[in-house]
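Here is my note on the model.

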Amino acid sequence: MSREKSVHRRTVLRAAAGTGVLLTLSPGLLLTGCDGGVKAVESETLGLDSDEYDVELNLHAMPDSVPILPGAPSEVWRYRAELLKGPQNTVTENPDSYLGPTIRLRHGQTVKIHIHNELPEDTTVHWHGLHVPSDVDGQPRLPIRPGETMTVGFEVLDRAGLFWYHSHAHGKQGGRVGFQSYAGLAGLLIVEDEEEAGLKLPSGDNELLLVLQDRTFAGNNELVYMGGGRGSMMDRMHGFLGDRVLANGAPPTTRKVATRPYRIRVLNGSNARIYKLAWSDGRPVTVIGADGGLLQEPEDRPYAVLAPAQRLDIWVDLSEFQPGDALELISDRFRAGMMSGGMMDGMGMMGSNALPLGSRFPLARLEVAESVEASEPLPAQLGVQRQKIPVNRNTRIRSFELSPVMMRGFAINGRRFDGTNVADDEKVRLGDTEIWEFHNSTPMPHPMHIHGLQFNVVGRRGGNSDSLQQGLVDSGWHDTVLVMPRETVQVAMKFERFDGLYIYHCHNMEHEDAGMMRYFQVQG
Ligand code: C2O
Ligand code: CU
């Protein structure tokens, strides 16, 4: 390390210490030495290397300080971007939030991103849900060291949808995804395409983006991650639950709206919390899209479940409202049972969380301020151009058992994260279609995520999801599926275009960080 870099590093650390608690991190370890430890080389572009790109930008991961609650600003880690080339609306900053800029790309664009690590520890940037080459996927095997830059190039191959990007660092002492994402390293990435544009869904001011996260703050507005002692043991087992919910990095607010339809695109960017989205007046939730873009047709649900890392696209028509009326999007009560701290409460073990899993709270308030004449009916057919992955009796089924490991979290087929080591049953062939079957033999739900592709949910059996059952949106395309306690869920996927290493894991970030994550290999 050059002298300059080490000075820089010390300065950052001291600055953090000087402002009190940057974030209360329980093991108190900075990440050093990611698995594999291949060093990022500044000059070369990983992934798609070309002379010409449609879009080029700088993305900085850096410490910052932002006002979140009234009073003192909070110390955060966050992304900032500069657009070097491409359409002006590619990057929209979220200045009053720790959230990274919203990046808007079009299907077919070629993109080059220079990621600058200005943090005091290793990081990576994972483009959650995107079909990109292995080297561009932000995997822990390619860490960006403090003070270094990594350049990645890719073509936008996905169809329109709401994706996101976040840290995926994992070092010798364990994962840092939970900590870094919690500190603020996450942002939205929107892909647009012709099919979606042709549907003329509400856009511009009539498209509301909503990132849901929960956080805990200490007395001077410091973000707190993991309590000490027993609390932190429980956090690790259940996943971290904050004691208040933030929408787009701020306490939920009121939006002035008009008497017309809206499109509400929601990301669950929380470490571990599951939301049960519902309308305050009991009207059905009209779901038009999931992780990988629009459904084939709209679906009305009494409520819709959003597990960590999942996205939902919701359409709501306010045209029969009067100015002065309001409608709230809430997370409704559900029975968390054995799967949350709920059971433990009675045994006096959890106690402290002010907002247990399954509580009811508001997410956004829509206040009708204006009466307009707008007739924009919801199309009966939405995303029909992409066919479901065909499966039949002969499609290979690969089974993964999710099981507890005494005091150490959870395992997948008895294995925990082991760097880039891939077992024989974790090797698949490029071009193959497979069904992956997740069997959850733990008392907790696990949102299982597979990198580099979108899959279809084939079916579920068993499981006790009673108070969430009717809100599990399984149609359409997904990269993350919620597997309820005792449940078996099958998903179908095709390994296309890219060979190499990818990752599958539980997206409860504390489970992931504790090792509920594995590499798999696509063999060309
Ligand atoms: Cu959103 Cu492997 O992660
Ligand atoms: Cu899990």
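**Notes on rings and the copper site**

1. Phe400, Trp436, Phe438, Phe495, Tyr502, Tyr504 and Phe520 are joined into a cluster by ring pairs. Rings of Phe, Tyr and Trp (its six-membered ring) pair if their centres lie within 6.5 Å; planes under 30 degrees apart count as stacked, over 60 as edge-to-face and the rest as tilted.

2. This is a predicted model, where local features need pLDDT of at least 70, side-chain atom pairs count only at pLDDT 80 or more, and totals for chains, interfaces and linings use all residues. Residues are numbered from 1 along each chain as its sequence is written, chains are lettered from A and ligands numbered from 1 in the order in which they are written, and side-chain values use heavy atoms, with hydrogens and water left out.

3. There are 19 aromatic pairs in the structure. One of them is Trp127 with Tyr165, tilted, at 5.7 Å centre to centre and 40° between the planes. Trp127 is in strand β8 (residues 125-128) and Tyr165 in strand β10 (residues 161-167), so the pair ties together parts 38 residues apart in sequence. Strands (E, at least two residues) and helices (H or I, at least four) are DSSP runs, numbered from the N terminus.

4. Trp127 is buried at 0% relative accessible area. Tyr165 is buried, also at 0%. Buried means under 20% relative accessible area, exposed over 50%, partly exposed in between (1.4 Å probe, protein chains only).

5. His446 (ND1), Cys506 (SG) and His511 (ND1) coordinate the copper ion (ligand 2) at 2.0 to 2.1 Å. Donors are N, O and S atoms within 2.8 Å of the metal (3.2 Å for Na, K and Ca); water is not among the atoms, so sites may look incomplete.
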